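Have the structure open as you read.

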Amino acid sequence: MVTTITDIRVPAGQFPLGRILQAYPDVEIELERIVPTRDEIIPLFWIESGNEREVEETLREDPLVEEIVQLTRTPDRILYSVNWSPDVDALVRTMVDLGVDVLTAEGTSNFWEFRLQFSDREQLSRFRRTCREDDIDIELLRVYNPQMPPEEGPLTPEQQDALATAFEQGYWDVPRKITQTDLAELVGISDNSMSQRLRRGVKVAVAEMLYGTGRQQSGE
């Protein structure tokens, strides 16, 4: 089992705090963590001080918010907890239901960026499939394992995801332990898309190994 970490971006309108605070384009929010309880989902988050009265009023008026509490204050920002209604949107519910670990999350009125940790590739695939089924627009920014160096490489996140999943599932073994069709289903993409990602990813990886970073072949 290999832990996988992803960086994703979602439009602010698809995350409750972003949607609620779209009226404040200069406000930046940092999610501390999401605490699921038996009946509630409680996010703890930091907001820069200065316009907290307007922010608190906006939050209290939102039907998703059952209670907002100011936990602590620093000279620059304030830590809040919010009791969200059980009807909270699909993105948060999916994270909680699948047990996805939210490592970091920061957002503005335009978009939110999350760093999520998954226990294995299957959990990541379920998360992506569920988001697609619920029409949650997720932009995959990066995929890597904690053991792998975090520096940027020539592979796109999608290509790296496809190659790593194929390797972990035994696609390259002889005989193969998984078909390309099943691999595509696991990742949550079409068979054709998986074929293209594997083919292009292998080409980039081999070119990088033979010629080094930045080397491009003619026609690419």
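H4 and H5 cross in a left-handed way (left-handed means the near helix is turned anticlockwise from the far one by less than a right angle, right-handed means clockwise). The model is predicted, so local features need pLDDT of at least 70 and side-chain atom pairs count only at pLDDT 80 or more, while totals for chains, interfaces and linings use all residues. Residues are numbered from 1 along each chain as its sequence is written, and side-chain values use heavy atoms, with hydrogens and water left out. Helices (H or I, at least four residues) and strands (E, at least two) are DSSP runs, numbered from the N terminus.

**H4 with H5**

- The axes of H4 and H5 come within 11 Å and cross at roughly 135 degrees (axes are lines fitted to C-alpha atoms, for helices over the stretch in contact, and angles run from 0 to 180 degrees between N-to-C directions).
- H4 and H5 are therefore oblique to each other (angles under 35 degrees count as roughly parallel, over 145 as roughly antiparallel, 65 to 115 as roughly perpendicular and the rest as oblique).
- Who meets whom here? On the H4 side you'll find Arg 121, Leu 124 and Arg 128, and they meet Asp 161, Ala 164, Thr 165 and Glu 168 of H5 (contact means heavy atoms within 4.5 Å).
- Sorted by type, the residues of this H4 and H5 contact are 2 nonpolar, 1 polar and 4 charged (Ala, Val, Leu, Ile, Met, Phe, Trp, Tyr, Cys and Pro count as nonpolar, Asp, Glu, Lys and Arg as charged, and the others, Gly among them, as polar).

**H6 with its two partners**

- Helix H5 (residues 157-168) packs with helix H6 (residues 180-187) at an angle of about 120 degrees, and their axes are 11 Å apart.
- That angle makes H5 oblique to H6, and the crossing is right-handed.
- Asp 161, Thr 165 and Ala 166 of H5 make the contact with Leu 183, Leu 186 and Val 187 of H6.
- The residues of that H5 and H6 contact come out as 4 nonpolar, 1 polar and 1 charged.
- Now for H4 and H6: their axes come within 7 Å and cross at roughly 65 degrees, which makes H4 roughly perpendicular to H6.
- From H4, Glu 122, Ser 125, Arg 128 and Arg 129 meet Glu 185, Leu 186 and Val 187 of H6.
- This H4 and H6 contact has 2 nonpolar, 1 polar and 4 charged residues.

**Empty space**

- Rolling a probe the size of a water molecule over the atoms shows where empty space is left.
- On a 1 Å grid over the protein atoms alone, a cavity is a set of points where a 1.4 Å probe fits but cannot get out, a pocket is an open set with protein on both sides within 12 Å along at least five of seven lines, and lining residues have an atom within 4 Å of a point.
- Grid points are joined across faces, edges and corners, and a volume is the space filled by probe spheres set on the points.
- How many cavities of 30 Å³ or more are there? The count is 1, and the largest cavity has a volume of about 30 Å³.
- Lining the largest cavity are Arg 121, Leu 124, Ser 125, Arg 128, Asp 161, Thr 165 and Val 187.
- Helix H4 (121-133) and H5 each supply at least two residues of that lining, and H4 gives the most, with 4 residues.
- The cavity lining splits into 2 nonpolar, 2 polar and 3 charged residues.
- The second largest pocket has a volume of about 260 Å³.
- This pocket is lined by 17 residues, and the closest to its centre are Arg 128, Arg 132, Ile 138, Glu 139 and Leu 140.
- Strand E1 (4-11), H4 and strand E8 (139-144) are the elements that give two or more residues to the pocket lining, and H4 has the largest share, 5 residues.
- By type, the pocket lining holds 9 nonpolar, 2 polar and 6 charged residues.

**Spots in the backbone**

- Pro 175 sits in the loop between H5 and H6, and the peptide bond from Val 174 to Pro 175 is cis, with omega near 0 degrees.
- Asp 135 is in the loop between H4 and E8, and its phi is near 60 degrees, a positive value in a residue other than glycine.
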